[in-house]
Amino acid sequence: MKILVSLKRIPDPEQKTRFKGNAIDFSGTNWVPNQFDEYAVETALRLTENASAGNARDGEVVVTTIGTADAGKVLSSALAMGADRAIHVDGADENLDADIVAQVMKKLVEAEKPDLVLMGKLAADSEGNQAGQLLAGYLNWPQATFAAGIEVVDGGKALLVHREVDSGVETKKVPLPAVVTVDLRIVAPQAVKNGKTAATHAYAEGPRYASLKGIMAAKKKPTAKKTFAELGVTPALRVKTVAVEAPPARKAGIKVGSVEELVAKLHNEAKVL
Amino acid sequence: MDFTLTDEQKLVAQTARDFATRVLAPKAAARDRSGEFPEAELHALGDLGLLGVNVPEALGGAEAGVIAYSLAMQEIARVDASVSVAMAVTNMVGEVVTRFGSDEQKRTHVPRLTSGEYVAGAFALSEPQAGSDPAAMLTTARRDPERSDGYVIDGAKQWITSGDRAGLIVVWAKTDPKAGGKGISAFLVRRGTPGMTTGRHEEKMGLRGSTTVPLVFDGCRVGADALLGKEGEGLKIALAALDGGRIGIASQALGVGTAALEAAMAYAKQRVQFGRPLAANQAIQFRLADVATELSAARLLALRAAWRKERGEPFTREASMAKLYASEAAGRACDAAVQIHGGYGYTREFPVERFMRDARVQRIYEGTSEVQRIVIARDLLGAAQQRDAQAGR
């Protein structure tokens with residue numbers, strides 16, 4: 001199986017957001033891979049290896065990102081985790097929105113012809129949750145979003161995708177090729193079953209670490225560079241930034257003297273009772 | 001001059017940090033209390049490549065270099081110094097066999113060290129009467145009278161880290177007792193070799209998740225293939241290994257010192273006395289600033305020594321300077337952290353008391369602070385002086 005995985009770097013969610021004038025100040029930002037994209041890489045690796053036979057590779061994982069040269073480093077960590085090769089599309093964050101990302105991905109899919117596109121369900125900075133759906137639309141491919149479990153069925157011609165919904169787990173059968181976006185639980189120990197790794201195999205929870213051998217091997221793996229022009233994409237933002245404002249500082253709380261006073265305040269001032 | 005780490009070095013540090021945070025941190029305090037040996041954790045370190053960071057890929061190592069090793073050691077020690085000391089000795093044994101071993105010794109032992117199959121490596125140099133002065137050792141290895149080749153080892157070794165767990169132990173013994181330091185040879189002894197027994201575990205102040213034992217050799221027979229290097233080369237091998245080992249301990253000290261500083265900063269920001277956080281007091285700020293400055297200096301010393309070793313340049317003096325300064329700076333960092341925590345710092349409720357106990361030995365093992373000063377002074381005043389003047393070092 002050949003899988004294309006998209007990655008985005010985002011500001012470290014643990015870091016406090018700084019504002020400068022009417023914009024976010026990224027000068028001291030520590031950039032990290034979007035966690036859901038790391039889960040997508042882990043899912044792709046699990047789908048293309050036999051963990052019961054020393055993680056022997058059985059398929060190809062191509063990782064891609066759109067961004068500056070510095071943003072391209074997100075690909076090194078995916079290659080170090082075990083992805084086979086990378087495609088770095090030159091671009092800058094301020095010139096991107098979900099629609100442009102989907103258009104670029106469409107061109108990459110047409111060139112690479114993967115059996116499956118795996119993406120994070122959303123990027124934890126902008127929380128758009130659109131790129132996967134838009135891509136499936138542009139490709140006219142089946143899609144399954146928020147995957148919490150994936151099983152390869154029909155001799156590799158389809159996937160059973162388990163999605164957690166409010167009322168339980170919904171299971172969809174998706175013929176390949178398809179676009180699947182992944183949720184947090186896809187990296188549970190037994191969330192991915194590829195039909196090769198023993199069904200009883202339990203992975204360590206979470207995306208795998210880049211081993212030192214993986215890190216050193218990543219240096220030798222190929223990274224192709226592409227531009228929007230080469231891909232035939234003319235970027236035109238559909239999302240416009242109107243304003244950026246820091247949220248108002250939280251006001252100090254008060255201590256109440258009694259339950260009666262609390263109820264009175266909730267009723268009269270907060271008007272929630 | 002360029003202080004930038006390569007992408008690979010950053011990724012190695014990130015992997016070590018992620019592993020330490022996700023796997024080691026949750027049980028570090030519990031291991032300190034129970035004294036449980038981190039066998040599963042060492043296997044996991046082997047899987048990640050952290051037991052052979054600077055060992056060639058062909059021998060199962062990661063071949064990531066000495067700087068990457070220092071960074072990884074800092075990250076592991078920042079969370080659990082006990083795990084890091086077993087990691088340090090295993091890396092050191094892997095490197096020493098790589099450098100001095102025969103092709104067969106390398107093929108036999110190094111991949112087993114780096115993969116974790118041996119669990120750990122051990123380094124048996126010290127003796128009850130021979131600590132800072134290894135040439136005073138009493139352990140002997142005489143030619144085996146019952147067969148044409150091989151040796152019989154007799155004697156006792158002291159303070160052997162992981163000595164009861166290690167699959168491979170480098171043992172130093174005198175093959176020519178009359179020749180003093182030049183009569184010492186090194187041997188590779190497998191765990192379970194008859195005639196080698198483990199003594200009572202030391203009840204240590206810190207590093208309680210690592211084991212430290214005496215080893216007793218009573219008619220312990222090893223083959224000629226156990227000899228590492230040539231007869232009489234033992235002390236040279238030991239000193240070369242210790243030079244590299246000191247980069248490891250300097251990095252370990254940095255890790256523990258950094259953990260103490262981070263804990264002190266977090267506590268100082270959160271603890272309110274006299275109506276404001278401790279961190280609002282200049283007395284506390286200055287202490288934190290001093291600790292951070294010293295740790296930064298220690299980091300530069302450690303990375304310089306690692307950089308020189310990686311480039312194949314002499315680094316004995318630099319490694320000793322790094323080890324001396326980093327271990328002393330870590331001690332001061334832990335002391336400051338405990339002081340800033342007040343009474344809470346003296347209890348097991350907070351990790352700084354563990355850091356303080358773990359850091360204390362860093363001024364003692366791998367050569368005491370006093371021995372480091374001897375090494376530095378000897379290098380400074382000795383034959384190196386002229387060369388240094390020419391090189392502007």
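Predicted model: local features only at pLDDT ≥ 70, side-chain atom pairs only at ≥ 80, totals over all residues.
Q: Why is the pair of Tyr267(B) and Phe350(B) called edge-to-face?
A: The planes of Tyr267(B) and Phe350(B) stand at 85° to each other, and an angle over 60 degrees counts as edge-to-face. Their centres are 5.5 Å apart, within the 6.5 Å cut-off, so the two rings do pair.

Q: What makes this a link between distant parts of the chain?
A: Tyr267(B) belongs to helix H6 and Phe350(B) to the loop between helix H8 and helix H9, 83 residues apart. Ring pairs also bring in Tyr344(B), giving a cluster of Tyr267(B), Tyr344(B) and Phe350(B).

Q: Why is Tyr267(B) called buried?
A: Its relative accessibility is 4%, and buried means under 20%, so Tyr267(B) qualifies.

Q: Why does Phe350(B) count as partly exposed?
A: Phe350(B) has 25% relative accessibility, which falls between the limits of 20% and 50%.

Q: How do you know that Arg9(A) lies over the face of Trp31(A)?
A: Arg9(A) is 3.8 Å from the ring centre, and the distance limit is 6 Å; the charge must also be within 35 degrees of the ring normal.

Q: What makes the phi of Lys113(A) worth a look?
A: Most residues other than glycine have a negative phi. Lys113(A) is not a glycine, yet its phi is positive, about 50°.

Note on methods. Residues numbered from 1 in each chain as written. Chains lettered and ligands numbered in written order. Heavy atoms only, no water. Phe/Tyr/Trp six-rings, centres within 6.5 Å; stacked < 30°, edge-to-face > 60°. Helix = DSSP H or I, 4+ residues; strand = E, 2+ residues; numbered from the N terminus. Buried < 20%, exposed > 50% of the residue type's maximum accessible area, 1.4 Å probe, protein only.
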